[in-house]
Each structure stands twice: as C-alpha cells, then as structure tokens.
6 protein chains.
Amino acid sequence: MPPLTAGAVPGARPSGRTPDQLRSLRLEPGAARHAEGSCLIRMGVTEVLCTASVEGRVPPFLRGKGEGWVTAEYGMLPRATHKRGDREAARGKQSGRTQEIQRLIGRSLRAVTDLKAMGEMTVTLDCDVLTADGGTRCAAITGAWVALHLAFQHLMRNNIMSRNPLSDHVAAVSCGIHGGVPVLDLDYAEDSAAETDGNFVMTASGGIVEIQATAEGAPFSESELTDLVALARKGTAELFAAQRAAVGL
Amino acid sequence: MPPLTAGAVPGARPSGRTPDQLRSLRLEPGAARHAEGSCLIRMGVTEVLCTASVEGRVPPFLRGKGEGWVTAEYGMLPRATHKRGDREAARGKQSGRTQEIQRLIGRSLRAVTDLKAMGEMTVTLDCDVLTADGGTRCAAITGAWVALHLAFQHLMRNNIMSRNPLSDHVAAVSCGIHGGVPVLDLDYAEDSAAETDGNFVMTASGGIVEIQATAEGAPFSESELTDLVALARKGTAELFAAQRAAVGL
Amino acid sequence: MPPLTAGAVPGARPSGRTPDQLRSLRLEPGAARHAEGSCLIRMGVTEVLCTASVEGRVPPFLRGKGEGWVTAEYGMLPRATHKRGDREAARGKQSGRTQEIQRLIGRSLRAVTDLKAMGEMTVTLDCDVLTADGGTRCAAITGAWVALHLAFQHLMRNNIMSRNPLSDHVAAVSCGIHGGVPVLDLDYAEDSAAETDGNFVMTASGGIVEIQATAEGAPFSESELTDLVALARKGTAELFAAQRAAVGL
Amino acid sequence: MPPLTAGAVPGARPSGRTPDQLRSLRLEPGAARHAEGSCLIRMGVTEVLCTASVEGRVPPFLRGKGEGWVTAEYGMLPRATHKRGDREAARGKQSGRTQEIQRLIGRSLRAVTDLKAMGEMTVTLDCDVLTADGGTRCAAITGAWVALHLAFQHLMRNNIMSRNPLSDHVAAVSCGIHGGVPVLDLDYAEDSAAETDGNFVMTASGGIVEIQATAEGAPFSESELTDLVALARKGTAELFAAQRAAVGL
Amino acid sequence: MPPLTAGAVPGARPSGRTPDQLRSLRLEPGAARHAEGSCLIRMGVTEVLCTASVEGRVPPFLRGKGEGWVTAEYGMLPRATHKRGDREAARGKQSGRTQEIQRLIGRSLRAVTDLKAMGEMTVTLDCDVLTADGGTRCAAITGAWVALHLAFQHLMRNNIMSRNPLSDHVAAVSCGIHGGVPVLDLDYAEDSAAETDGNFVMTASGGIVEIQATAEGAPFSESELTDLVALARKGTAELFAAQRAAVGL
Amino acid sequence: MPPLTAGAVPGARPSGRTPDQLRSLRLEPGAARHAEGSCLIRMGVTEVLCTASVEGRVPPFLRGKGEGWVTAEYGMLPRATHKRGDREAARGKQSGRTQEIQRLIGRSLRAVTDLKAMGEMTVTLDCDVLTADGGTRCAAITGAWVALHLAFQHLMRNNIMSRNPLSDHVAAVSCGIHGGVPVLDLDYAEDSAAETDGNFVMTASGGIVEIQATAEGAPFSESELTDLVALARKGTAELFAAQRAAVGL
C-alpha cells in the first residue's frame with residue numbers, strides 16, 4: 001500500500017467511487033450501421049464498439065456437423081491509449097495480449113450460446129476499443145453479448161432462426177485489491193496501482209464462466225478472492241440489467 | 001451509361017443530391033480523449049476518426065537534421081463495411097489498398113506543413129474508418145488536417161512551438177462521372193457504378209496537391225477532367241470553411 | 001459424463017487416482033547440459049524440459065534502472081501430442097495458446113523474484129513439452145522454478161550474485177470438476193471431459209499468484225471454486241516439497 | 001527552383017533534351033525465352049523486363065463467370081538503383097510503393113482488355129526493373145502491353161482464342177514541372193528535383209485511363225495540369241507507334 | 001588449432017578419440033510415447049529426438065498418384081546450445097540453416113524408401129535437437145531411419161501395409177580435416193576448428209546418397225576427399241549395426 | 001535409364017554435347033550500370049545477372065574487428081522458368097532452396113577472399129536469374145567472382161584499397177550421371193532425368209571448396225564420384241579462363 005498523505009482516506013479510490021460502485025455505464029445498441037447486431041459500450045471513459053457479423057459457414061473442424069460457431073476478435077485503435085501504441089496491422093501480428101483477450105471473449109460468449117440451435121453459421125464478434133481507461137476486455141464481453149443478442153433477433157425477424165440461441169446473459173467486470181481494499185470495476189489509474197487484479201465473467205443465473213485473477217505484487221489470499229467474487233456478483237447484476245434494457249427484454 | 005427506366009432522370013444521383021452537392025458534413029474536433037489533436041469527420045454515412053499523436057523523435061533518415069515529420073496510418077474496422085472484411089492485424093499484413101491510402105494521406109498533409117518549423121518531432125495521423133460509405137480516404141485527409149492543426153495548437157499552448165507549421169489548409173474530395181454526369185462527393189452506391197472516379201487533394205489558396213483519377217470503364221476525356229477539377233474546387237471550398245469552423249479560425 | 005461401465009463408481013477418475021491425488025511426480029535437476037539452470041519435470045506422462053538462460057542485458061523498457069527481468073517461452077514438440085501438431089516455427093507464428101501460456105509462466109516466476117536484487121540481467125525460461133498428457137503449463141511453472149533457482153545458485157557460486165533473488169516457491173497445478181467431482185491434477189483424458197478446468201498458481205507461504213478457471217460446459221459455483229482452491233493448496237504443497245528436494249534445500 | 005549557375009538556361013533539362021522530348025526508346029519483343037509474351041523496354045537508361053504468363057484459371061471471385069483476369073506484379077532487382085535497395089523477398093514483404101505500382105499496372109492493362117473475350121484464364125504481367133533511372137512504372141505499363149499482346153497472339157496461333165481481347169493500346173509516361181517548366185518523360189535526375197510529378201496512362205484512341213499527379217513542393221495549378229496532359233498526349237503517341245512496330249501491326 | 005599443451009600430439013583430437021573413432025553411440029527406440037515410430041539418438045553429448053508421424057494424405061503434387069511421401073522437419077531447443085539461440089517460432093521463421101538441414105534429412109530418407117509401396121500417406125520425420133555438440137544433422141538422419149522403420153513396422157502390424165517400404169539402411173556421419181588429420185564424427189570443439197567439414201550420407205549396400213563437403217579454410221584436395229569417404233564408410237558401418245539392433249533385425 | 005529409341009546412342013546428351021563439353025559460355029562484365037562490379041553470365045540458355053554492391057559497414061558479429069564481409073542473395077524472376085513460379089516477395093518469404101543457394105554462393109566467394117584485407121566493409125553479391133535452364137547456382141558463383149573482382153578493382157582505382165583481396169579464382173559447375181554416363185554441365189533436360197547430380201566449387205589452384213552431390217535415384221559409387229570430380233576439374237578450368245578474360249587478367 002502506498003504511503004498515505006495527511007487527510008487521505010485509506011483505500012480511497014482515485015475516482016471518488018465507493019468500493020462497490022461501477023463507473024457510469026452506457027450501452028448504445030445498433031451503433032454500427034452495417035452490422036447484424038452491434039453495441040457501443042461505455043464504462044466511464046472506456047469505450048468499446050462491439051459488432052456481430054453473421055456468415056453462413058463454419059470453420060473446417062465443424063463442417064457438416066450442423067452446429068454453429070461464435071468467435072471474437074479484439075483490437076485497439078492506436079491512439080485509444082494515453083500514449084500511442086503500434087498499429088498491430090502495421091507490425092504484422094497481433095500481440096499475445098490481444099490474442100489472449102479475443103480468446104477469452106469468444107469462450108465467454110460460447111458459454112451461453114446453444115451452438116446446435118444456430119445451425120451452420122458463424123458469428124464473429126469484433127470488439128474494437130475506441131478509448132481505453134481500464135477494463136476493456138470486460139466491457140467487450142458485456143457489449144458483445146448485446147451485439148450477439150441483436151444479431152440473433154435480426155436472424156429471427158428474417159425467419160432464419162426460430163428461437164434465440166442465447167441461453168443466458170453473460171457479462172464481465174474487473175475487481176481488484178487497491179490500496180488494500182477490494183474494489184469493483186477498476187479504471188486505468190487503479191489498475192496500474194492495484195496489488196491484485198482479476199476479471200470475472202458471470203451469468204445472470206448465478207454461475208461463474210471464467211475467473212482470471214492475478215497478483216501484481218504480493219500474492220492474494222482466499223478470503224480476498226471471496227471478496228472479489230462478491231463484488232463481481234454485485235457488479236454483473238447491474239450489467240445484466242443494462243443489457244436487458246439495451247435489447248428490450 | 002446504364003439503360004434508364006421510364007421516368008428516371010438521366011444521371012440522377014441515388015441520394016437525390018444535385019451533381020455539385022456534398023453530403024451532409026460534420027467535423028467533431030477533440031473526439032479522441034487522449035490524442036494531442038483529433039477530429040471525427042462524418043460525410044454522409046462515412047465516419048472516420050482522425051487522431052494526431054506527437055512523438056519527440058524522427059525516422060532514421062531525418063535524424064540530426066532539425067526537421068520534423070508527418071506520417072499517416074489508415075485502417076478500417078472489420079465491420080465498417082456492408083460485408084465484414086478481414087482484420088488486417090489478424091491477416092498479418094496491410095493490403096496494398098491500405099498502404100496506398102496511408103501514403104496519400106501522409107503526402108497530402110506534408111504538402112502544407114513546414115517540416116523545418118516543427119523541429120525534430122513526428123506527428124502520426126491515425127485515420128480509422130468506423131463506418132464506410134465511399135470517400136473514406138478523402139474524409140481522412142480533411143479530418144486529419146483538423147487533428148494536425150489542433151495538435152500543433154496544443155504544442156503552441158505548451159510553448160513547445162512558437163508558430164503553427166501548417167502553411168495552408170488541405171482537404172480532399174472525390175469526384176467522378178456517374179451515369180454520364182460529373183458529380184461531386186460520390187457515396188458507395190455511386191462509387192461502385194461510376195465510369196470514372198477520382199480523388200482531388202487541394203489547398204485553400206487554390207493549388208492542387210494531388211490528383212488520382214481512374215477510368216473504371218471507358219477512358220475519360222480532357223474536358224471531363226476539367227469538369228471534375230471544377231467540382232473538386234467547389235467541394236473543397238466548403239470543406240475548408242468547415243475546417244476553419246472546427247479549429248476556431 | 002461418459003456412460004459408466006458396470007461396476008464403475010460415478011465420477012471415478014480414468015487413472016484410478018483418488019480425487020485429491022497428484023500423478024507420479026519426478027523432477028530431474030540439471031537435465032540440460034548447457035543451461036545455467038534446468039529441470040526435466042514429469043507429472044505422469046507429461047514431460048517438460050525447463051531451462052534457465054542468463055544474459056547480461058535487459059529489455060529496452062528496463063535499461064538503466066538497475067533491475068533484472070525474468071521471462072518465459074513455451075513450446076511443444078510437434079509430436080508431443082497424440083496427433084502431430086504443426087511446428088510453430090514452420091507456420092511462422094506462435095499460436096494464441098502458446099503466447100498465453102508463456103505470459104503466464106513469466107508472470108508466475110516474476111511474482112516470487114526480487115527483480116531489483118538481480119541487477120541488470122535477463123533470465124529466459126524455456127519450457128519445452130516433450131510429451132503432453134494434460135497440465136503442461138502447470139508443470140512448466142513448477143519446473144521453471146527449479147531451473148531458475150539453480151541458475152541463481154550458479155550465479156552465486158560464480159560470485160555474480162550475493163543472494164538468491166527468489167523470495168518464495170511458486171508452483172502450479174490444474175484442478176477441475178470431472179464427472180461432478182472436484183479433482184486434482186487432471187490428465188488429458190480428464191481434461192477433455194471436465195466440466196470446469198482451472199490452473200492455480202500458488203506460493204509456499206500460502207498466497208495465490210494466479211487463478212485461471214474456466215467453465216467448459218455449465219458455469220461453476222462459488223462453492224465449487226472453494227473446493228478447487230483447497231485441492232490446489234494440497235497439490236502445490238506436495239510440489240513445493242519436491243522442489244525443495246530437487247534444489248537441495 | 002535551385003539557383004542557376006552563370007550561363008545556365010532556366011529550366012534546361014539535365015539530359016539536354018527539349019521539354020517535349022522522350023528519352024531514346026527501345027522495345028525488344030520476345031526477350032524472355034519461356035514466357036507466352038514478353039518485352040524488354042528501355043527508356044533511356046531505365047530497363048524493364050515485362051513477361052506475360054498464361055494460366056488456365058481465375059481468382060476465386062471470378063470462378064464460374066466465364067471471364068478472364070489480367071494482373072500484374074512489379075519488382076526491382078536490388079542493384080537496379082544507384083544505391084542497393086533491400087531485396088523484398090528477404091525483407092519478407094513488398095513495400096507500399098511496390099504494391100501501389102503493381103495495382104496501377106494491372107488496372108491500366110485491364111482498362112483495354114475485354115475480359116469476357118478471354119474466357120476463364122489469368123494473364124500475369126511480371127514487370128521487373130533491371131536498371132532504374134526514373135519512370136519505371138510508366139515503362140512497365142508500356143512494355144506490359146506488348147507482352148500481353150504477344151501472349152494473346154500466341155494463344156490465337158494455338159487456337160485457344162479466336163480474336164485478340166485487347167481493344168486498344170495503353171501506354172504511360174511521366175510528366176512534371178522541372179525548374180518551372182513542364183517537361184515530358186522525367187529521368188531520375190529530374191524526378192528528384194521536380195516540383196510536380198505525374199504519371200499519365202492513356203489510350204491510342206485518345207482517352208485517359210489514369211492520372212496520378214503529385215505536387216512534391218508547392219501545389220500546382222489547373223493550367224499546369226493542362227500542360228502536363230498535352231505533353232503526355234504527345235509522348236504516348238510516340239509510345240503507341242513503338243508498340244505497333246514491336247508487335248508487327 | 002588451439003595451442004598445444006606440453007606433450008600434446010599434433011592433430012590429437014580434443015576428445016582423445018582416435019581419428020577413425022565414433023563417439024559413444026546410443027539409440028533408444030520408442031522414446032516418444034505418442035508417435036508411430038521414434039528414436040532418441042545420442043552421439044556423445046549430441047542428443048536428437050526423432051519421431052515419425054503418419055498421416056493418411058499426401059501433398060498436392062502427389063494426389064491421386066497412389067504414392068506416398070516422406071518429409072522431415074528439424075528444430076533445436078533454444079538452449080540445446082552453449083549459448084541460447086532464438087526460438088524460431090518466436091522469430092517467425094525458420095533459418096536458412098534449418099531449412100537446408102530438413103531438406104537434407106527428407107532427401108536422405110526418401111532415397112531408401114519405395115514411395116510407391118507406401119500408398120497415399122505421408123510420414124513426417126520430426127528431428128528435434130535436445131542437446132547439441134556437433135553432428136546434429138547426421139544424428140538426425142541416422143535416428144530418423146529407426147523412427148521410420150518402426151513406423152512402417154507399426155503399420156504392418158496393423159495390416160495397413162504388407163511389407164516395409166524401406167529398401168535399405170541410410171545413415172550419416174560427419175568427417176573432416178582437423179589439425180591436418182582426417183577424422184571421423186566431429187564434435188563441436190573439432191567442428192569449430194576444422195579446416196574441412198563434410199556430411200556423408202550412405203547406404204548399407206555401399207552406395208553414397210549425398211555428400212556435402214565444405215572447406216572452411218583452405219580448399220581441400222581430391223585425396224583428402226578420398227580419405228574422408230573411407231572414414232565415412234567405416235563410421236556408417238557401425239551406425240548400420242546400431243540401427244539393426246535398435247529395430248530388432 | 002529411359003528406353004532407347006532405335007538408333008539412339010546410349011547416354012547421348014539431349015543437347016548433342018559430348019560428355020565433357022560445357023555449354024556455350026559468355027561473361028559480360030559491367031552489365032549492370034549502377035553496381036561497383038557486375039557480370040551477366042550465360043551458360044547456354046541459363047542467364048544470371050550478378051552484381052557486387054559495396055557498403056561501408058559490416059554485420060553486428062564483425063563490428064570493430066577491422067575485417068570485411070562478403071555475402072550473397074539469390075533470386076529468380078518469376079518467369080525465368082518454363083512455368084511461372086511464385087514471386088518470393090509476394091509470398092513473403094524465401095524458399096528453403098533459395099536460402100540454401102545463397103548461403104552456398106556466399107561461402108564459395110568468402111573461401112577465396114582475404115576478409116582481413118578488405119577492412120570494415122560488406123560486399124553483397126546479388127545473383128538474379130533472368131532465364132533458367134539448369135545450373136543457375138553454379139553460373140551464379142562463376143559470375144559473382146567476376147562481379148566481386150571488378151568491385152575490388154573499382155575500390156583500388158578509388159584508392160580505397162591497395163590490393164585486391166581475392167586470393168584465387170573460384171568457379172562452379174554441375175556434373176552428374178545421366179543415362180549411366182558421367183557428364184559435365186547439365187542443362188535442365190538432363191538435370192531432371194539425371195540419376196546423380198552434383199555441384200562442384202573449385203579454385204584455380206586446384207583445390208575443392210565445396211561438393212554437394214546427391215543421388216536422385218540409386219545411390220552412386222566412389223568411382224562415379226571420382227569421375228564427376230575429374231569432369232568438374234576440366235569444366236572449371238575453362239571457366240577460370242573465361243573469368244580471366246572478363247576481368248582483363
């Protein structure tokens with residue numbers, strides 16, 4: 001824990017939020033004109049454009065099985081960040097971080113999709129960060145669910161599907177230990193200074209889809225893990241409500 | 001020229017615009033929170049986010065000469081288009097089209113920048129297409145000028161520069177022959193059907209920085225070229241006015 | 001869950017192990033003749049060769065700070081697996097999975113290394129899978145700790161360092177829900193069929209360095225997470241004992 | 001404009017040519033032994049070997065349409081230039097300049113080819129610069145027309161085609177403003193010092209296929225553009241005559 | 001040649017071996033659990049794991065011809081060497097040396113395989129160097145023959161083949177001029193200092209499959225070549241005996 | 001051996017040459033206008049342009065040692081061959097064959113160059129095949145020697161060097177067993193049908209620099225090897241004479 005200056009409240013968040021408070025949240029469904037489904041998600045300053053693109057074929061390993069596939073790609077505009085980052089297309093490859101994130105997004109959405117109910121089609125979820133201020137992968141998962149739901153609704157309206165293959169909501173939020181205090185939804189300032197940082201992917205029915213928690217400094221304890229899971233449950237409950245509003249459920 | 005259906009006006013534009021009418025235009029300066037200068041430009045449906053990033057060093061070929069450099073990178077979100085395109089970062093290389101466009105943007109902005117007045121620094125102009133509907137490279141040039149101007153203003157406010165190295169405005173517009181008629185600012189529907197298509201990069205003081213005009217079908221004539229140049233002059237005059245408004249001149 | 005054969009106990013492990021039983025474990029320190037430190041780790045059939053290579057310089061972002069760096073690379077021989085996999089060098093890039101794993105190994109080892117105590121040097125931990133049967137990334141972390149410890153001992157014997165910068169042990173084990181039962185140290189047969197699968201990286205002093213837990217089918221519950229953490233604690237305790245024996249502590 | 005030395009004629013060309021004079025021109029049809037059609041073109045010192053290779057299939061986007069395709073690739077021997085350039089094959093990618101040029105060559109030749117008359121086949125035009133002294137892309141277009149014409153004649157002689165799908169000649173020449181004077185067919189010395197530089201692709205029947213004109217220093221005016229077009233028309237007229245002689249028309 | 005210590009015999013081998021003495025040799029068949037055939041070969045300190053992987057299809061150029069194919073890939077663990085080498089997968093390409101070696105291994109094994117007798121299948125021989133001390137490509141060829149033989153035996157036991165398509169043994173050994181003396185089976189110390197170094201690939205029936213001999217310093221003479229061939233014949237005779245023992249012939 | 005037609009002489013060469021007869025040979029020194037040294041070599045139909053480019057620095061591993069470096073790159077125009085080959089720059093990598101050849105050329109020339117006498121400079125030998133009809137790598141070596149010699153002469157004339165660092169001639173020729181008969185300088189027709197094919201790199205003073213001999217079908221014998229070496233000696237003697245004439249010795 002960094003030394004406290006006189007009068008500082010131990011563990012106070014740079015943003016002034018309470019430990020269990022999400023950043024201001026805004027989901028803008030239909031933000032991308034051409035996509036079958038889309039959502040621009042803003043969590044505080046972080047801004048991610050999620051689009052769902054439908055294609056009538058599946059990857060080779062699924063051909064002829066009558067099942068569908070959901071996959072994700074993630075990118076960041078070079079100046080989404082405080083300091084310009086290299087353009088991955090110019091460097092000629094995606095970083096390990098990018099690949100790790102897009103694999104996580106794909107797994108998370110597949111966890112709540114009935115691939116058999118899709119028929120042989122692929123939905124690609126493109127999550128592009130327009131502005132980054134921490135929590136971009138979590139925002140991407142939460143927004144991608146909306147884009148995917150809208151794309152399935154679009155296919156139902158066009159009689160390509162008879163029911164929505166999404167069996168549940170999925171959303172994600174970061175939680176961490178900052179200044180010794182477990183806090184919800186870290187922004188960049190907190191993320192850089194946190195002792196422990198984790199991403200929690202959960203469903204509306206109460207299950208955990210994925211946990212990735214990492215000690216940046218000292219290792220964390222089991223009771224801290226329990227605190228983080230509780231915060232994540234509270235945070236995702238608010239995200240599920242926002243998702244429902246965005247898709248009109 | 002395609003056969004006309006009964007009642008159709010020869011050469012009528014799909015959008016209903018008059019031949020010398022620009023699409024609705026909107027420049028949003030400062031759209032990117034972290035960049036030294038930025039502009040979100042919308043021309044009709046086309047939407048390009050332009051950011052200017054300043055870095056205190058120059059490419060190897062300029063080192064020690066006391067001059068600056070302005071360069072550009074161009075990208076398109078995978079679902080900026082009607083049909084999803086491959087992500088260049090995933091394919092591992094930028095297409096020939098991308099490279100051609102970013103070279104054009106860089107040349108155009110350098111044409112109105114006094115590189116010696118910059119000192120040893122590089123400004124990278126990232127132009128990322130959020131939605132594509134024709135004319136993205138021209139919108140990128142027009143918007144990049146605003147981003148670059150704002151970045152220079154930022155450096156002046158911080159006493160890093162004493163005067164703005166931009167010596168003139170630069171803007172670009174596409175003009176083409178569509179249905180036998182020379183028209184200004186082609187959208188995607190016109191662009192796909194045009195007999196001739198050109199990009200015209202001009203300065204406010206009346207000069208031509210670059211012309212790229214291509215016959216897609218039959219070759220075009222010198223008098224048609226003259227018509228296109230005149231349209232471009234009219235169109236860029238409106239773009240210069242919008243740039244001035246955007247940067248507060 | 002696969003159909004049970006007559007007499008099979010529900011949830012019984014394919015290997016016949018009890019739910020909290022590690023596979024047979026063998027650490028062979030010094031297995032690589034040329035490396036400053038090395039360890040061949042076998043967990044059941046899984047076999048990973050870990051080497052620590054010391055180099056007297058640090059990556060650009062650390063230059064001049066007087067600190068060291070620990071990083072990892074991971075690879076798999078093409079026929080380490082049941083079915084031959086492509087050679088990543090021939091394909092021209094490392095998969096997302098490979099990058100994700102090597103980033104995890106590096107983070108895990110850095111979590112117990114006092115980088116300041118290293119001085120400006122880099123240790124690269126190469127973890128190459130000779131035979132794969134599940135749990136390769138966990139075995140790599142456990143074996144890499146031995147290789148790193150031996151490399152630091154080597155540097156101390158050569159008076160390049162006065163004390164070992166490793167502040168604690170780190171080891172990893174996979175735990176998962178298989179056939180409805182939480183089990184320790186999944187082999188390939190279990191891993192392919194598990195409902196939930198996680199990797200737990202822990203220290204000897206009782207802390208958690210990293211958790212990555214993923215629901216492959218239905219989401220998992222908090223109480224299941226608690227069970228998995230407890231199994232991981234038991235398993236890593238045995239791994240720490242083996243590490244101590246391997247390095248002669 | 002550089003300062004004039006005593007007695008220098010303003011705008012005099014380094015080569016002593018008059019402003020509207022082409023360099024010495026030589027087309028050597030059939031220069032490549034194995035190709036279906038070929039032409040070695042020399043314009044002054046610039047030397048480009050153009051070959052046309054016929055293959056009985058088309059790119060995926062044309063399959064089953066009964067049409068053909070004409071495409072181009074461009075390269076430069078590493079020591080075609082004054083200073084050795086990197087070998088693109090060794091660097092592992094083609095530069096933006098290379099891609100821009102080969103796209104221009106392909107478009108130019110397709111503009112005068114009746115692709116439907118070709119049937120499902122592809123002709124690849126390889127334009128490799130053996131010696132560079134300015135104007136290589138223009139020489140490539142002019143020489144590629146001869147190679148393509150000869151390849152079609154070859155296919156007609158072998159009864160694979162009944163008529164030549166080339167509907168017109170196409171040739172290209174660079175024109176620019178040098179020392180304040182519009183000049184035809186710039187060599188390297190002029191090209192490096194020109195205020196404006198353009199490539200003009202034209203047909204024998206009087207049409208313009210493509211114009212790419214760029215101000216290297218100050219922007220150029222419309223009347224200068226008119227002058228350059230007139231020079232290009234004169235220059236291409238001589239190129240068409242040489243093409244006719246080369247293919248025996 | 002390194003300076004001689006008192007009493008050293010000019011040209012004496014660093015290892016103390018006689019000029020025509022192989023290093024200690026050990027072939028461990030079946031070393032890789034999952035492969036259809038495998039062999040871990042040790043020649044002195046050099047250690048190469050060779051696996052043969054069978055796949056029921058052939059490269060495009062052989063499809064439909066009813067013939068099989070044998071190919072090889074070669075790799076080296078990053079710390080197989082005294083100083084860590086870059087991981088080729090991380091660099092994104094195989095070095096020229098690697099490609100040269102794997103082409104040699106493939107050619108050598110195909111020279112003694114009746115491809116027609118294989119039917120349409122491919123065997124890929126992966127030769128991965130675990131420890132390098134000179135002669136790795138030769139060890140790879142000798143070990144790969146054992147792996148290939150065992151893979152064919154496996155296919156015969158499974159009634160996929162009725163006879164073994166290997167028509168002869170093939171093995172390889174390096175020979176060179178060291179300290180003026182022709183010597184057999186150079187280790188790394190000799191290899192680095194040798195005046196001439198060659199790899200000799202031979203068959204048990206007395207033929208030469210491939211010779212690659214290179215003067216590192218002064219050119220060599222025909223009589224030296226003759227000496228090297230004789231040494232190679234002696235060395236490979238011992239290798240053939242070891243191969244026979246390893247496969248149970 | 002293919003079946004003989006009536007009247008055919010066993011082993012007769014497709015070209016009608018006697019077994020020990022080179023193809024018509026022509027060396028054109030100075031063929032590349034910009035290079036410090038160059039030579040266009042024609043052996044029969046095979047045509048290779050060799051250029052030597054001088055650069056005042058050395059690769060990292062030689063820096064500060066006061067020595068020079070000679071290296072080579074090899075390429076083939078896409079339509080140098082009967083059937084068009086892929087352009088390596090477009091594929092994004094050099095083939096294993098290309099790398100193998102350019103390494104051979106570099107080694108061969110370094111074998112006769114006193115690198116210490118060069119001082120810190122690099123000469124890059126670019127060998128580009130304009131027309132291929134067998135024996136391109138050998139022609140490249142022979143022609144590269146002329147280019148290198150001329151480049152050194154150029155440096156001597158400019159007082160950058162006081163003596164030519166080439167200590168001897170080097171040249172190469174292919175020899176093989178064709179139709180049971182050892183023959184010199186195989187063309188493409190022979191090369192494709194030869195039982196054994198080898199490249200022999202020799203010096204004018206009688207030494208062997210490199211031998212690469214490969215059995216394409218049945219292994220070859222030691223006496224056949226002796227025959228091939230003798231042919232190579234005769235062939236290279238003629239090549240040395242041509243080199244002397246080309247450089248004016």
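Select chains E and F to begin: 25 residues of chain E are in contact with 25 residues of chain F, where contact means heavy atoms within 4.5 Å. This is a predicted model, in which local features need pLDDT of at least 70 and side-chain atom pairs count only at pLDDT 80 or more, while totals for chains, interfaces and linings use all residues. Residues are numbered from 1 along each chain as its sequence is written, chains are lettered from A and ligands numbered from 1 in the order in which they are written, and side-chain values use heavy atoms, with hydrogens and water left out.

**Chains E and F**

Show the surface of this pair. About 2,300 Å² is buried between chain E and chain F, with 51% coming from carbon and sulfur atoms; buried area is the accessible area (1.4 Å probe) that two parts lose on being put together, summed over both. Now pick E:Glu100, E:Ile208 and E:Glu222, which give 23% of what chain E buries against chain F, more than any other three residues.

Next, display the side chains of F:Glu222 and E:Arg233. They form a salt bridge, 2.7 Å from N to O. The interface of chain E and chain F holds 4 salt bridges, each a side-chain nitrogen of Lys or Arg within 4 Å of a carboxyl oxygen of Asp or Glu.

Switch to cartoon. Helix H2 (96–110), strand S9 (208–215) and helix H6 (222–247) of chain E each supply at least two residues of the side that touches chain F. Helices (H or I, at least four residues) and strands (E, at least two) are DSSP runs, numbered from the N terminus. S9(E) has the largest share of that side, 8 residues. By class, the side of chain E that touches chain F has 9 nonpolar, 9 polar and 7 charged residues; Ala, Val, Leu, Ile, Met, Phe, Trp, Tyr, Cys and Pro count as nonpolar, Asp, Glu, Lys and Arg as charged, and the others, Gly among them, as polar.

Stay with S9(E): this strand pairs with strand S9 (residues 208–215) of chain F in the antiparallel sense over 5 bridges, and pairing requires that DSSP find at least two bridges between two strands. Within S9(F), F:Gln212 is the bridge partner of E:Gln212.

**Chains A and B**

Move on to chains A and B. Here 34 residues from chain B meet 34 residues from chain A, burying about 2,600 Å² between them, 53% of it on carbon and sulfur atoms. Highlight B:His34, B:Arg79 and B:Arg87: in chain B they lose the most area to chain A, together 30% of what that side buries.

Zoom in on B:Asp126 and A:Arg87, whose side chains form a salt bridge (2.7 Å, N to O). Chain B and chain A have 12 salt bridges between them. Colour strand S5 (122–131) of chain B, one of the elements giving two or more residues to the side that touches chain A; S5(B) gives the most, with 6 residues.

**Last stop**

Finally, select chains A and F. They do not touch, and their nearest C-alpha atoms are 12 Å apart.
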